[in-house]
Amino acid sequence: MEQSEAENLQKQIDEIEALSSIYEDEWCVIDEAARIFCIRVVDELEHPKWTVCLQVMLPPEYPSSAPPVYQLNASWLRGQERTALSNSLEEIYLQNLGECILFLWVGTIRDFLLLKSQSADAVPETRKTTEEAEVNDQDDYFLVCQTPPQQLAADVDFPESSEVEELPQIIHGEPITDRRSTFQAHLSPVVTPNQVKLLLQELYQNKKIANATHNIYAYRIHCEDKQTFLQDCEDDGETAAGGRLLHLLQILDARNVLVVVSRWYGGILLGPDRFKHINNCARNILVDEGYAELAGEGSRTSIKKKKPKNKRGK
């Protein structure tokens, strides 16, 4: 007999309570309403060398008939290693259909990291984000999901196209200012990864945007012939922010779009509020430009804004 959404929700609650009590500081609630969570998995607790942040979104059908939507955040995790680990997680789901699997996933990732730490691979260098660098290392919140920074967005190597591609218009959203920090989203339609590269280069020609503390981005391109998506994200030093932005695009089922969120740090720590502002300004520009209609997200998030006017172009 199929389980109801209420039964699924209760199982999710029980699973989340168990995981949060076991992993404590490594556990992070990103969006309770959207059922998005993150857990920092390390090879060893006292002197961790290798870290992966497992970010999951639990759909209403989980665990009875659907798996968690997941993302592995670690800039060093690429190519065959990422594919192998993803295949292991998906195999666990298939072997445990209808059961809660997050604990098994965490264990599998930890085993993977332990094997990695025993190899001769060099340990990746890490640095802290703007806000993390200004607080004590014992601050629980900022210890969550600390991943190494990825390559600068403008320097990402995308496949080159032999054709000259037309550059779509860049739309600039309404800024949000809180305690002297300002957040602003920028959006452009894209249909190829090369367009993403060209648009990022174009965007960074704006000196104000290029000098932002963080330029977080995510894109999602629908391949109709294969019924799959090309998608990627970049934190630009703001831990796990790119993955959260990509999750927003997935939740809204936004297609063929690049969203960049710039943050100019004002010197005052915002804590978790910074992620709320990143999410809100991104959601608002997606709604304004009609990218959230398929998911039924027809209204903007009510937030305090700097100016009630969109600016298009540069």
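This is a predicted model: local features need pLDDT of at least 70, side-chain atom pairs count only at pLDDT 80 or more; totals for chains, interfaces and linings use all residues.
A salt bridge links Lys276 to Asp273, and the closest N and O atoms of the pair are 3.9 Å apart. This distance falls within the 4 Å limit that defines a salt bridge.

Lys276 has a relative accessible area of 43% and is therefore classed as partly exposed. Asp273, at 27%, is likewise partly exposed. The pair belongs to a network in which salt bridges that share partners join Asp178, Arg179, Asp273 and Lys276.

## Other salt bridges

The structure contains 9 salt bridges. Side chains of opposite charge can pair when their charged atoms come close. One of the salt bridges is formed by Glu81 and Lys116, with the closest N and O atoms 2.6 Å apart. Glu81 belongs to helix H2 (residues 79-95) and Lys116 to helix H3 (residues 102-117), so this pair ties together parts of the chain that are 35 residues apart in sequence.

The two partners fall into separate accessibility classes: Glu81 is partly exposed at 27% relative accessibility, whereas Lys116 is buried at 9%. The latter assignment follows because buried means under 20% relative accessible area.

A further salt bridge connects Asp253 with Arg255, where the closest N and O atoms are 3.3 Å apart. Arg255 is partly exposed, its relative accessible area being 30%.

Strand S8 comprises residues 214-223 and is mostly covered, with 10 of its 10 residues buried. The cover extends to both faces of the strand. On one side, the buried residues are His214, Ile216, Ala218, Arg220 and His222.

S8 pairs with two strands, S10 and S9. Strand S10 (residues 257-264) runs antiparallel to S8 and is joined to S8 by 7 bridges. Within this pairing, Tyr219 stands opposite Leu258. Strand S9 (residues 228-234) is also antiparallel to S8, again with 7 bridges, and here Cys223 stands opposite Thr228. S8 and S9 form a hairpin with 4 residues between them. In the turn, Gln227 has a positive phi of about 55°.

## Hairpin of strands S1 and S2

Another hairpin is formed by S1 and S2, with 4 residues between the strands. Strand S1 covers residues 27-31 and strand S2 covers residues 36-42; the two run antiparallel and are joined by 4 bridges. Cys28 stands opposite Cys38, which lies in S2. Arg35, a residue of the turn, has a positive phi of about 60°.

## Nonpolar surface patch

Ile22, Phe103 and Leu104 make up a nonpolar surface patch of about 290 Å². Leu104 is situated in helix H3, the helix that also contains Lys116. At 38% relative accessibility, Leu104 counts as partly exposed.

Note on methods
Residues are numbered from 1 along each chain as its sequence is written. Side-chain values use heavy atoms; hydrogens and water are left out. Two strands pair if DSSP finds at least two bridges between them. A salt bridge is a side-chain nitrogen of Lys or Arg within 4 Å of a carboxyl oxygen of Asp or Glu. Buried means under 20% relative accessible area, exposed over 50%, partly exposed in between (1.4 Å probe, protein chains only). Patches are made of residues with over 30% relative accessible area and no salt bridge: like charges are joined within 9 Å, nonpolar side chains (Val, Leu, Ile, Met, Phe, Trp, Tyr) within 5 Å. Accessible areas come from the Shrake-Rupley method with a 1.4 Å probe; for residues, only the protein chains shown count as cover.
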